[in-house]
Structures are given as structure tokens and as C-alpha cells.
Amino acid sequence: MKWTDTQQIAEELYDKFPDTDPKTIRFTDLHRWVMELDGFEDDPNRSGERILEAIQAAWIAEAE
């Protein structure tokens with residue numbers, strides 16, 4: 001996975017943290033959690049607020 005795979009990342013996060021409300025996640029935690037996902041292979045410095053917002057939005061949609 002890469003940072004641009006927002007939907008796949010959101011699905012993985014939803015599966016890994018089913019009891020977590022994605023609306024309450026700090027971006028620092030979100031960044032770390034994405035980096036720790038199995039199969040994630042991208043440069044940590046390639047993410048930014050816009051990418052993290054897109055992942056969070058996809059995770060919120062997945063949770064609803």
C-alpha cells in the first residue's frame with residue numbers, strides 16, 4: 001500500500017481498530033498507525049495533512 005491507497009488504508013484501519021471512532025483520531029496517531037499496517041510500503045515523509053484527511057474521511061465512511 002501507498003499513501004494514495006486511501007480506501008484500502010481506511011478498510012485496514014477499520015478492521016484493526018473496530019472500537020475506535022475515527023473522528024477523534026489525532027493525525028500524529030493516524031500517521032503512525034498507517035505506517036504500522038501490514039503491507040504498507042511508502043515513504044513516511046510523503047504524507048501530509050491532505051492525505052491524512054482523506055484517509056480519515058474514508059475511515060469515517062467505512063465506519064458508518
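This is a predicted model: local features need pLDDT of at least 70, side-chain atom pairs count only at pLDDT 80 or more; totals for chains, interfaces and linings use all residues.

Visitor: How do you know that the span of helix α3 agrees with its number of residues?

Guide: Helices are DSSP runs of H or I with at least four residues, and strands are runs of E with at least two, numbered from the N terminus. The expected span of a helix is 1.5 Å times one less than its number of residues. For the 15 residues of α3 (residues 49-63) that gives 21 Å, and the end C-alpha atoms are 21 Å apart, so the two values agree.

Visitor: What makes R26 and D29 a salt bridge?

Guide: A salt bridge is a side-chain nitrogen of Lys or Arg within 4 Å of a carboxyl oxygen of Asp or Glu. In the pair R26 and D29, N and O are 3.0 Å apart, so the pair meets the definition. D29 also forms a salt bridge with R32, again with the closest N and O atoms 3.0 Å apart.

Visitor: Where do D29 and R32 lie?

Guide: Both lie in helix α2, three residues apart, about one turn of the helix. An α-helix has 3.6 residues a turn, so residues three or four places apart point the same way.

Visitor: How many salt bridges does the whole structure hold?

Guide: A search finds three. One of them joins R46 to D42, with the closest N and O atoms 3.6 Å apart. R46 is exposed at 55%, whereas D42 counts as buried at 15%.

Visitor: Why are α1 and α2 called roughly perpendicular?

Guide: Axes are lines fitted to C-alpha atoms, for helices over the stretch in contact, and angles run from 0 to 180 degrees between N-to-C directions. Angles under 35 degrees count as roughly parallel, over 145 as roughly antiparallel, 65 to 115 as roughly perpendicular, and the rest as oblique. α1 and α2 pack at about 95°, with their axes 10 Å apart, and are therefore roughly perpendicular. The axes of α2 and α3 cross at roughly 80° and come within 10 Å; these helices are therefore roughly perpendicular as well.

Visitor: Which residues of α1 and α2 meet?

Guide: Contact means heavy atoms within 4.5 Å. I9, L13 and K16 in α1 meet L30, W33, V34 and E36 in α2. Leaving aside neighbours within four places in sequence, the contacts of L13 include L37, I55 and W59.

Visitor: What makes a group of residues a nonpolar core?

Guide: A nonpolar core is a set of buried Ala, Val, Leu, Ile, Met, Phe, Trp, Tyr and Cys residues joined through side-chain atoms within 4.5 Å. The largest here has 16 residues, and those with the most contacts inside it include L13, I55 and W59. α1, α2 and α3 each give two or more residues to this core, and the largest share, four residues, comes from α3.

Technical notes. Residues are numbered from 1 along each chain as its sequence is written. Side-chain values use heavy atoms; hydrogens and water are left out. Buried means under 20% relative accessible area, exposed over 50%, partly exposed in between (1.4 Å probe, protein chains only).
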